[in-house]
Amino acid sequence: MFGYVIPCKMELKVKDYEKFKAYYCGLCVSIKKNFGNIPRLTLNYDMTFLAILIDSLSDNRSKFIKSTCIAHAVKKRVIIIDNEALDYAAFCNILLSYYKLLDDKNDDKNFKSILFSKVISIFTKKIPKDLEEIKQLIESKLKDLSLLEASKNTVSIDEYAHPFAELTGIIMSHYPKTMQYKNQLYWLGYNLGKWIYIIDAWDDLEKDMKENKFNPINKFYNTSNKNYLDFKLEIEDRIDFILTTCAEQCFTSLNKLQIKKNDELLYNILQFGLMEKMDIVFKRSELDYDKPL
Amino acid sequence: MTNPYEVLGVKEGSSKEEIKKAYRNLAKKYHPDQYGTNPLKDLAEEKMRELNEAYDYLMKNSSETYNNYSSSTNNNYNYKNNSSTDFNSIRMDIQQGNINSAEMKLKQMKIRNAEWNYLMGVVFIRKGWYDSAQNYIQMACNLDPSNGEYRNALNQFGTRNNTYRQAYRTGNYRRDPDMCNLCINLWCLDTFCECMGGDCI
């Protein structure tokens with residue numbers, strides 16, 4: 001579920017690469033400041049993208065400092081601090097990671113998920129009161145998603161992706177300082193969430209089919225119960241179509257926003273990053289790397 | 001209590017028929033009996049309770065006057081004759097961004113001709129449900145192959161995606177203009193020059 005929304009590193013200018021890292025490290029520090037040290041393990045790129053997007057809609061100047069990193073103790077890193085967008089993204093990061101762990105715990109019932117979810121639950125109590133509404137909305141959408149996935153009925157792929165897409169739409173559009181862009185941000189978030197849900201399902205398709213676990217693509221499209229390889233050939237183009245349409249809509253929404261800074265970085269992520277990730281997941285790319293940035 | 005209109009997914013002022021229909025659809029989806037021994041059965045039961053509460057509340061409190069009842073029967077009688085008016089009103093709804101109303105009107109219609117499929121497709125595009133949208137528009141084209149509007153909509157999917165992909169392909173690989181491009185460009189240039197009275201190659 002996490003780690004799909006990344007920049008196309010090779011097409012980034014060095015200044016944008018450094019900015020991305022500064023936001024990423026900044027998010028880590030913000031999680032530590034607002035929640036504690038252990039939740040920093042849930043840090044991911046998708047929430048970094050959220051922080052960059054909402055921060056880029058305001059023209060406040062970012063505060064950069066140079067500091068040592070707990071995970072990379074050798075060289076000092078440039079980090080953004082005292083940034084409200086990062087604090088909001090940190091909050092969303094914790095919540096989503098917590099619910100994802102709960103989900104894993106229900107699916108796999110492995111010890112690691114159970115332990116980790118108990119730990120993270122302590123930190124969810126530190127959520128500020130004005131963001132309580134978002135927490136309720138996230139909970140309700142994830143509940144809808146679980147029910148939909150567990151039900152014996154089969155619904156269309158669009159309907160399976162709907163709760164998660166709504167969830168990301170809500171997260172993207174509920175940042176208090178960007179209310180004037182609520183509709184465009186919701187549409188961007190909706191399409192991005194749908195893209196994430198479907199590409200995650202596609203990525204996990206082989207494994208889910210082997211282990212007989214729920215997979216929306218398998219459930220809806222595999223009516224003649226084919227094996228993975230035959231099924232993949234049959235359905236590849238259709239999945240590619242849905243993903244490209246969602247990505248295209250994200251990019252179009254981006255154009256409708258008044259971006260005040262970091263525009264090249266954002267264009268890189270939504271125009272190149274998403275497509276590059278699709279190439280990797282569809283195994284069309286010669287590069288098979290998945291190294292962290 | 002959460003908004004009962006939101007729980008059932010209907011808008012305020014919906015008729016009792018619409019509320020009943022929405023309740024039936026959601027009850028089918030969330031009925032706890034279909035979960036068996038699944039641990040989510042409790043969740044499903046909770047959701048059913050929510051649905052039942054919302055349904056009871058709306059049934060009691062919806063302002064069901066004589067006028068509403070008679071106008072809904074009127075609509076049922078007239079739909080066969082006024083399908084084109086219905087389609088027009090649906091198109092107006094779509095234009096004004098009133099997607100939920102358009103969708104509900106379409107779902108209530110019994111005739112599912114080419115235009116119905118096309119409008120369902122358009123509604124689904126606005127909702128972001130692209131796979132379903134493409135199916136409906138494809139069906140519309142199949143039912144009425146000569147219609148330019150439907151064909152156009154179907155092609156637009158491909159065109160938009162290709163334009164978006166192009167940026168990635170050309171931005172990424174930055175190939176030199178290939179020989180085909182080069183030769184064709186030169187040939188065109190030469191032809192135009194000769195038309196003008198000159199000669200390039």
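Which side chain meets that of Glu264(A) in a salt bridge? Select Glu264(A) and Lys13(A): their side chains form this contact, at 3.2 Å from N to O. A salt bridge is here a side-chain nitrogen of Lys or Arg within 4 Å of a carboxyl oxygen of Asp or Glu.

The model is predicted, so local features require pLDDT of at least 70 and side-chain atom pairs pLDDT 80 or more, whereas totals for chains, interfaces and linings use all residues. Residues are numbered from 1 along each chain as its sequence is written, chains are lettered from A and ligands numbered from 1 in the order in which they are written, and side-chain values use heavy atoms, with hydrogens and water left out.

**First stop: Glu264(A) and Lys13(A)**

The side chains of Glu264(A) and Lys13(A) meet in the salt bridge. This pair links distant parts of the chain, 251 residues apart: Glu264(A) belongs to helix α11 (residues 263–281) of chain A, and Lys13(A) to the segment before α1 (14–34). Helices are DSSP runs of H or I with at least four residues, numbered from the N terminus. Glu264(A) is partly exposed, with a relative accessible area of 38%, and Lys13(A) is partly exposed at 43%. In these terms, buried means under 20% relative accessible area, exposed over 50%, and partly exposed in between (1.4 Å probe, protein chains only).

**Second stop: Asp16(A)**

Next, select Asp16(A), which is buried at 2% relative accessibility. Asp16(A) forms a salt bridge with Lys15(A), the closest N and O atoms being 3.9 Å apart. Lys15(A) is partly exposed at 45%. Lys19(A) and Asp16(A) both lie in helix α1 of chain A, three residues apart, about one turn of the helix. Lys19(A) is partly exposed, with a relative accessible area of 24%. Salt bridges with shared partners join Lys15(A), Asp16(A) and Lys19(A) into one network. Over all chains, the count comes to 24 salt bridges.

Finally, select Lys20(B), Lys21(B), Arg24(B), Lys28(B), Lys110(B) and Arg112(B), which form a positive surface patch. Patch residues have over 30% relative accessible area and no salt bridge, and like charges are joined within 9 Å. The place of a charge is taken as NZ of Lys or CZ of Arg. Lys21(B) counts as partly exposed, at 41% relative accessibility.

Key
Patch = residues over 30% accessible without salt bridge, like charges linked within 9 Å, V, L, I, M, F, W, Y side chains within 5 Å. Areas by Shrake-Rupley, 256 points an atom, 1.4 Å probe, with all protein chains shown as cover. Lys, Arg positive; Asp, Glu negative; His and termini not counted. Helix = DSSP H or I, 4+ residues; strand = E, 2+ residues; numbered from the N terminus.
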